[in-house]
Amino acid sequence: MASRMTILARTRSLSKTLNPDPSFFKTITTFSFLSQEPQLAATEPPPPPQSSSSVPLPPNPTSYPETWRSPPPTFSAAASLLPSGFLEQTPSYRIQSLAQDLDSPGLLNTFADWMTSQRWTEMKQLFEVWIRSMDKNGRPNRPDVSSYNHYLMANLMSGATAADMLDLVARMEDCGVAPNTASFNLVLKAMHSGQESEAAEKLLQRMLQTGKAAPPDDESYNIVVSLLLQWHRNDAAMKYIELTLKSGYMVTMTVFQDCVQACVNTGKLDTLVSIIDKCKSMDQNKALCPPWNLCNYIADVALQADNSKLAVHALQFMAKWIARGEAARPAVFLPVDEGLLVSALATAGRTYSTTLLDVSWAILQRSLRGKKVPNPESFLAKISALASLGELQRAFRTLSEFESAYANSGKEIEEELFCPFTSLYPLVVACSKNGFETLDTVYFQLESLSSADPPYKSVAALNCIILGCANIWDLDRAYQTFEAISSTFGLTPDIHSYNALMQAFGKLKKTSEAARVFEHLVSMGVRPNAMSYSLLVDAHLINRDPKVAVSVVKDMVSSGFKPSKETLKKIKRRCMREMDYESDDLVEEFAKTFNLRMDGEARRNRLFELKFNSTAYA
């Protein structure tokens, strides 16, 4: 027995020398139940003796054995000749044998198969055993960068930290392998999982400094930019995004959306415009498009900041979504808020952006899909924008479309929509911008269009010319245009035509002529509106006659109109200057009747109460 123990001890020391891994070799003598001593089999007890009076059963007629009802014996690990840990050692033994048979291409193929089934732990074990094994020529296995990157991937997917990944990359030099871009990208992914933004930025800078050895690619930039944006380090993120686009790399959709959101939230709209312009100029990034809700948010922020370029980009993104929805099956129609487009048209007029104007109107038409005409506010916003841009021909063409769409809306609505004093006043200002030169040009164009096929005749357009002539104090042109409404164009003047002519007379202190125009329109059966009375009041106030102005207000109230606060303040101001306190009391009564607060005149009145003393400055 002592000799046996000596042989066993020598066997264990030899196994440890061949393979230092303690889990690989296990001697069978570690299990107490496997004894090499022969043992006698246990004898079965003899059957009980049968009595002489008992009768035996007949023989079994079936061919089954006597133990057919009993299940087959199951050999447990304790009763088996194999040790209990042998089955657990089988994968390691398989990896050991597999590592001895694989070369470098075979190792890569095995990794490719195991990656599909996510056998990360076995990949790590196989690589670690393989690099300690010998090839067929008896030389140590040397991994290439691809196989080592698979090993890094297995560690990353197994939950390795960024510090562990950096240590593994540092060991690549011991294997005679230089890390490439993919190696560092795996480290960057570990840093992204650990939210280590500063370390990721330093590693990216190191990759930039290596030059052509391991330069960063699009994946490197996207990982670092995404991490920087998550930590709200927007300045650094924008720097690397611009570097990504400058290098010609592709930006992922997630990074692009985060970048857009960060720029909008921080108010860096010009930076966002620059990034979008660069993306659209590249084939690999021109398809980038934020989500629909984010497009609406970008447009809203851009319009509030009067950033026409960003608003154009936002509307173009929305146009892409509309086209995608229409091309889908079943089709999905994405309507754009018309109020947003009205704001875009107003912004186009303020910023003098023709592109924003055209894009806004095109999206509005496509969103309505020909089933509905735009609202009056949309037409008026477009006319105002075209007028501010100086494109009068397009403005009057839009006015023609506006009149055609709302021609049968009712007399009161038409008077409100086509009033040159309010809704169409931007067009009036544009017509009188360069004096009579612009007014004559517009008039002759309208005169030529009246004889075209089909002819275009518009009282609203001629009213804009009359009021434009009044704004430049040109009474003759205003009166001639008024007469041309019926004589040349064959139309009937409306209340706005008479009001524009009254203002032309009133500005030149021709109060009696303005009053005669008022009497003439009443005699022609035209019902004066509140603007008519207000213009007549202004004509009398220019003539410094507050009493007659108050009488006009009385007629205005008796006709069912309410005087405006501005009109009463004008009369009150003239009464104070003319020291007509009786008329001033009547104005106060009107203000109390219509619940109007006549405040804000105290500072003006102090200017007339100042007493200058010439000796005070002597």
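Helices (H or I, at least four residues) and strands (E, at least two) are taken here as DSSP runs, numbered from the N terminus. The model is predicted, and local features need pLDDT of at least 70, side-chain atom pairs count only at pLDDT 80 or more, while totals for chains, interfaces and linings use all residues. Residues are numbered from 1 along each chain as its sequence is written, and side-chain values use heavy atoms, with hydrogens and water left out.

A cavity is a set of points on a 1 Å grid over the protein atoms alone where a 1.4 Å probe fits but cannot get out, and its lining residues have an atom within 4 Å of a point. Grid points are joined across faces, edges and corners, and a volume is the space filled by probe spheres set on the points. One cavity of 30 Å³ or more is counted by this rule, and the largest cavity holds about 30 Å³ of space. Its lining consists of F256, I276, C279, K280, N285, K286, L288 and F317. Helix α12 (residues 269–280) gives the largest share of that lining, three residues.

With a disulfide defined as a pair of cysteine sulfur atoms within 2.5 Å, a search of the whole structure finds zero disulfides. C419 is in none, the nearest cysteine sulfur being that of C464, 9.3 Å away. The sulfur of C469 is too far for a bond, because the closest cysteine sulfur, in C431, is 9.3 Å from it. The table gives burial, where buried means under 20% relative accessible area, exposed over 50% and partly exposed in between (1.4 Å probe, protein chains only).

| Residue | Relative accessible area |
|---|---|
| C419 | 7%, buried |
| C469 | 1%, buried |

Technical notes:
1 Å grid on protein atoms, 1.4 Å probe; cavity = no way out; pocket = protein on both sides within 12 Å on 5 of 7 lines; lining within 4 Å.
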